[in-house]
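Student: Please pick one part of this model and take me through it closely. I would like strand pairing first, then the side chains.

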Amino acid sequence: MVNIIIDNGAYTVKTGVQKGPPRIVTNAVIRSKGDKAIYFGHEFERCNDYSSLHYRLPLEKGYIVDWDAQKAIWDGIFSAEMFNVDTTQASLLLTEPYFNLPNIQDVYDQFVFEEYEFQSYFRCTPASLIPHGTLFKRPRERKPECCIVVDSGFSFTHIVPIMENRVAWNAVKRVDVGGKLLTNQLKELVSYRQWNMMDETFIVNDVKEKCCFVSQDFKRDLEICRTDATRNSIVQDYILPDLSRNQKGRVRAPDDARLDTDQVLIMNNERFVVPEILFRPDDIGLEQMGLASTIAHVISLLPEDLQGMFWANIGLIGGNTKLPGFRERLLQELQPLAPMDNEVVVYESIDPVLEPYRSALQFNFTRHAVTRAEYQEMGSEASRRKFESVNQPHVVASANDGSPDNDGSPEPAGKNINRGKKVTDEKGASGPAKTSTTVKATRTASVRHSTREATSRRK
């Protein structure tokens, strides 16, 4: 039986047959105004005109909202043009968004078993696959039992603590900054300052990937760009695509002669101002903590005796972590936030986009999969029971008040890190960061006192 792995991201689908080479497919239905053609997922590789592309995205804000578009992309993956798989004789591993809604999970089950008729399938989040891979593996050392996975993707950036290969769901937090927001911010900047690029999502995204970096000293780099806007160590020229010559966009090399026909986009402080939003969301009005403060807040929600292990095992996945300088800047900001006796170690992958897929290759998911017979007997309840038994949330205690959070939901408010900012949990609730230790302690003491008085009266 063939095992298929689909890491279904909001921007790309990382897919392949187990023990086979992976393929990265654009997760969108794209209409090109230039050649007047429509491309479904893998067909986008045949596109030659990247100007004014219109994207129809199956996922919006992390959740599948257009099942027709998603099915068309999955159909192409299973077709003879890619893997030529008979789904009725195959098993599937499929990733889903963090805190996926139960109604959407039921539709996943229906598509897998009723539309494609897979023999069995397993559904999980990308971060839950990482402990099975090699991101934290070091020579002559055991894999850590506790780790933090920072998944910075297309829609959001999630900080996911994992204990003994299971996600501690009540400590998972989200920063509402992802690759899509960064691309849109860059579009607005260059459209206001130079060329109108508001309809050129593909080109601006390519500019972001080739030119942007994370600054190690934001004020210093900003001053360098301000003193000499055209001749400094940061400025770069990006030559826009020339569709008449079928020439793709590229960064101009120092010895590359500039032609009169070239349309040049000058990238100055835009190169590092846009990625800075990951670390300073309040620069654009988002009332949230930055990435480093959110990681420290997540660790503070975990058992105190294990927090040192989490500080020493922080892994990076997702496309945004490929930005040059990302790991160094994050480590630089985390060290002042960590306790003095804790070592801070940040692990980066050779290819953070494919890391969940490569981890899935080393995970024997068929042992935990739901079979078609089980689904026909119990419906989506079979998936719910089996996947919850594998990914059962850990009950962890808050570092501040010592009380267990056993409802499986994220903390609605921050603790004592970065006061004045708001912490947005996965369900959208937000509130000012504050502590409640004194209130809970007083309330507990008064309850005990009342109980003693009632007992003495009865006596």
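**A sheet and one of its aspartates**

Tutor: Strands β2 and β3 run antiparallel to each other and are paired over four bridges. Pairing here requires at least two DSSP bridges between two strands. Strands are DSSP runs of E with at least two residues, helices are runs of H or I with at least four, and both are numbered from the N terminus. The model is predicted: local features need pLDDT of at least 70, side-chain atom pairs count only at pLDDT 80 or more, and totals for chains, interfaces and linings use all residues. Residues are numbered from 1 along each chain as its sequence is written, and side-chain values use heavy atoms, leaving out hydrogens and water.

Stay with β2 and β3. Threonine 12 faces threonine 26 of β3 across the pairing. The two strands make a hairpin, with five residues between them. In that turn, lysine 19 has a positive phi of about 70°.

Now the other neighbour of β2. Strand β1 (residues 2-8) pairs with β2 (residues 12-17), antiparallel, over five bridges. This is a hairpin too, with three residues between the strands. Isoleucine 6 has threonine 15 in β2 as its bridge partner. Aspartate 7 sits opposite lysine 14 of β2.

Next, the whole sheet. In general, such pairing is made by backbone hydrogen bonds, parallel or antiparallel. This sheet is open, with six strands in the order β3-β2-β1-β9-β10-β20 and mixed pairing. Its edges are β3 (23-26) and β20 (370-371), each of which pairs on one side only.

Two helices lie across the sheet. Helix α1 (residues 67-78) covers β1, β2, β3 and β9 (90-95), and runs at about 140° to β1. Helix α2 (residues 102-115) lies across β9, β10 (120-124) and β20, at about 155° to β10. Axes are lines fitted to C-alpha atoms, for helices over the stretch in contact, and the angles run from 0 to 180 degrees between N-to-C directions. Contact means heavy atoms within 4.5 Å.

How covered is β2? Mostly: five of its six residues are buried. Buried means under 20% relative accessible area, exposed over 50%, and partly exposed in between (1.4 Å probe, protein chains only).

Now zoom in on aspartate 7, a residue of β1. Aspartate 7 is buried but has no salt bridge. A salt bridge would need a side-chain nitrogen of Lys or Arg within 4 Å of a carboxyl oxygen of Asp or Glu. Its nearest side chain of opposite charge is lysine 14, 4.2 Å away. For charges, Lys and Arg count as positive, Asp and Glu as negative; His and the chain ends are left out. So lysine 14 is both the residue opposite aspartate 7 and, by the 4 Å cut-off, a partner without a salt bridge to it.

What does the side chain of aspartate 7 make a polar contact with? The side chain of threonine 95, at 2.9 Å. A polar contact is a pair of N or O atoms within 3.5 Å; within protein, one must be able to donate a hydrogen and the other to accept it, and residues adjacent in sequence count only if both atoms are side-chain atoms.

Finally, the surroundings. Beyond four places in sequence, aspartate 7 touches Thr12, Val13, Lys14, Thr95, Pro126, Val353, Pro356 and Tyr357.
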